[in-house]
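Please take a moment with the sequence and the three-dimensional view before reading on. The paragraphs that follow walk through some backbone details, then the contact between the chains, and then a few side-chain pairings.

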There are 2 protein chains.
Amino acid sequence: MRDEFRADLDTVSQMLVEMAEGVRAALRQATRALLTADRQAAESVIAGDAGIDALYRQVEERVCDLLARQAPVASDLRAMITALHVAADLERMGDLADHVAKTALRRHPSPAVPAELRPVFTDMAGIADRMAEKIASVLARPDATVAAELDSDDDAMDELHKGLFGVLLGEDWPYGVETAIDATLLGRFYERFADHAVNSGEHVVYLITGEPVTPA
Amino acid sequence: MRDEFRADLDTVSQMLVEMAEGVRAALRQATRALLTADRQAAESVIAGDAGIDALYRQVEERVCDLLARQAPVASDLRAMITALHVAADLERMGDLADHVAKTALRRHPSPAVPAELRPVFTDMAGIADRMAEKIASVLARPDATVAAELDSDDDAMDELHKGLFGVLLGEDWPYGVETAIDATLLGRFYERFADHAVNSGEHVVYLITGEPVTPA
């Protein structure tokens, strides 16, 4: 029973790692679509979101099945609840990659992001990518130190996000309201992606240390 | 054991109803803060978010405790998982009310929303309020018909959201980029509030009918 539970738990962990790698790849591709007006990349991300959603449902089903069959308690139960939380965060991160891809597609063949904003979005995407990589890593091998690094990554993301508004609100912003709206939403998508990564990390820390997560 | 489980489940339902009523009140007050530049209302929403977060943690603890003590299966287990999902959606709806209040406060004593946009935000807030009311209602007394109405409410929200961009992108938009950015984010907050209400409703429907929820 106990060994069976361990094996099932490993399967759930592997599914979460697969989800984390999937949303990481999705956001990388969505960013390429955004910065190079790559239509195929955008369409691929949008088509791929159903696969992430399907994984999410599989994690849920597997967890519910485990709860029903094995009635875990203590740290095993905590691991199950954590898996549900992390899966929900990852599913949402997939949606946000999808939103970035859709924004790129809506403006195609024009770039959705003008030259002045390419550096800030490149940097935001870089941090988001690093965060998704860390989530995949701590899910495969729980490590509270790596999970805690997500907080400082998120601080860096927030700084970039503030900097973005600085550019948009600068007196010499030449692109008008439509481009500002797109950039505002895109900034929000990357920033929320990072927030969900932080949440996932906190849930993994909770699993390791027993320290409860404080909702933002 | 069975009666005890029922009583515990009722307690969880009551906590969720309290959360739903709390986020509904929070968004009403945040909207008043936004539309009448009411500083006190904004501050009250921001201070109150901790109470909604605390309720969320209480629901989680209660559900984990129930899973550990009672090891529910079948529809009882489903009710537990649904409670976790709905609590997470409601917690996020509270955050979104908080974001609206913070936007109002950031512009205070100026109004964050210019006269041209007051009607659309009044309507969006009205729909959001109706949706939160329905969530509280179906949590108190599960009803798949009421839960399904949330979809058409959400369609109406999406139409208003599109209309908002129509105003912002109109050739005669006189307010510049900063006000457009605020309006873009505010529109997103109301629209996401509605999305979470739809999600909650779908989870309640799942509880009633056994039809699984499709992630957006």
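A:Ala74 is exposed, because its relative accessible area of 59% is over the 50% that marks an exposed residue. In this predicted model, A:Ala74 lies in helix α3 of chain A, and its phi is positive, at about 50 degrees, although the residue is not a glycine. Most residues other than glycine have a negative phi, and most peptide bonds are trans. A second residue with a positive phi that is not a glycine is B:Ala71, with a value of about 45 degrees. B:Ala71 is found in the loop between α2 (39-70) and α3 of chain B, and with a relative accessible area of 31% it is partly exposed.

The peptide bonds also deserve a look. In chain A, the bond from A:His108 to A:Pro109 is cis, with omega near 5 degrees, and A:Pro109 belongs to the loop between α3 (74-107) and α4 (118-140) of that chain. In chain B, the bond from B:His108 to B:Pro109 is likewise cis, with omega near 5 degrees, and B:Pro109 sits in the loop between α3 (74-107) and α4 (118-140) of chain B.

How are the two chains related to each other? Chain B is superposed on chain A by a rotation of 180 degrees with 0.0 Å of shift along its axis, the RMSD being 0.0 Å. The two copies are therefore related as by a two-fold rotation axis. Both copies use the same surface for the contact, since 100% of the contact residues of chain B recur in chain A.

The contact itself draws 36 residues from chain B and 36 residues from chain A. The size of an interface is often given as the accessible area lost when the parts come together. Here chain B and chain A bury about 2,900 Å² between them, with 70% of this area on carbon and sulfur atoms. Which elements of chain B supply at least two residues each to the side that touches chain A? These are α2, α3, α5 (144-168) and α6 (176-209) of chain B, and the largest share, 10 residues, comes from α6(B). Sorted by kind, the residues on this side of chain B comprise 21 nonpolar, five polar and 10 charged ones. Across the interface, the rule finds zero salt bridges between chain B and chain A, whereas two residue pairs are found in polar contact, both at pLDDT 80 or more.

Although the interface has zero salt bridges, a search of the whole structure finds 42 of them over all chains. One is formed by the side chains of A:Arg28 and A:Asp129, at 3.0 Å from N to O. A:Arg28 lies in helix α1 (residues 2-36) of chain A and A:Asp129 in helix α4 of chain A, so this pair ties together parts that are 101 residues apart in sequence. Of the two partners, A:Arg28 counts as partly exposed at 47% relative accessibility, while A:Asp129 counts as buried at 16%.

Another salt bridge, at 3.4 Å from N to O, joins the side chains of A:Arg106 and A:Asp182. Because A:Arg106 lies in helix α3 of chain A and A:Asp182 in helix α6 (residues 176-209) of chain A, the pair connects parts that are 76 residues apart in sequence. A:Arg106 is partly exposed, with a relative accessible area of 49%, but A:Asp182 counts as buried at 3% relative accessibility.

In chain B, B:Glu178 forms a salt bridge with B:Arg107, and their closest N and O atoms are 3.0 Å apart. This pair links distant parts of the chain, with B:Glu178 in helix α6 of chain B and B:Arg107 in helix α3 of chain B, 71 residues apart. Both ends are partly exposed, B:Glu178 at 36% relative accessibility and B:Arg107 at 22%. Returning to chain A, salt bridges that share partners join A:Glu4, A:Asp8, A:Arg62, A:Asp65 and A:Arg69 into one network.

The last stop is A:Asp76, which lies in helix α3 of chain A and is buried, with a relative accessible area of 8%. A polar contact of 2.8 Å joins its side chain to that of A:Arg6. Apart from neighbours within four places in sequence, A:Asp76 is in contact with A:Arg2, A:Phe5 and A:Arg6.

Technical notes:
Residues numbered from 1 in each chain as written. Chains lettered and ligands numbered in written order. Heavy atoms only, no water. Helix = DSSP H or I, 4+ residues; strand = E, 2+ residues; numbered from the N terminus. Buried < 20%, exposed > 50% of the residue type's maximum accessible area, 1.4 Å probe, protein only. Least-squares fit on C-alpha atoms with pLDDT ≥ 70 in both. Contact = heavy atoms within 4.5 Å. Buried area = accessible area lost by both parts, 1.4 Å probe. Salt bridge = Lys/Arg side-chain N within 4 Å of Asp/Glu carboxyl O. Polar contact = N/O pair within 3.5 Å; in protein donor to acceptor, adjacent residues only side chain to side chain. Nonpolar A, V, L, I, M, F, W, Y, C, P; charged D, E, K, R; others polar.
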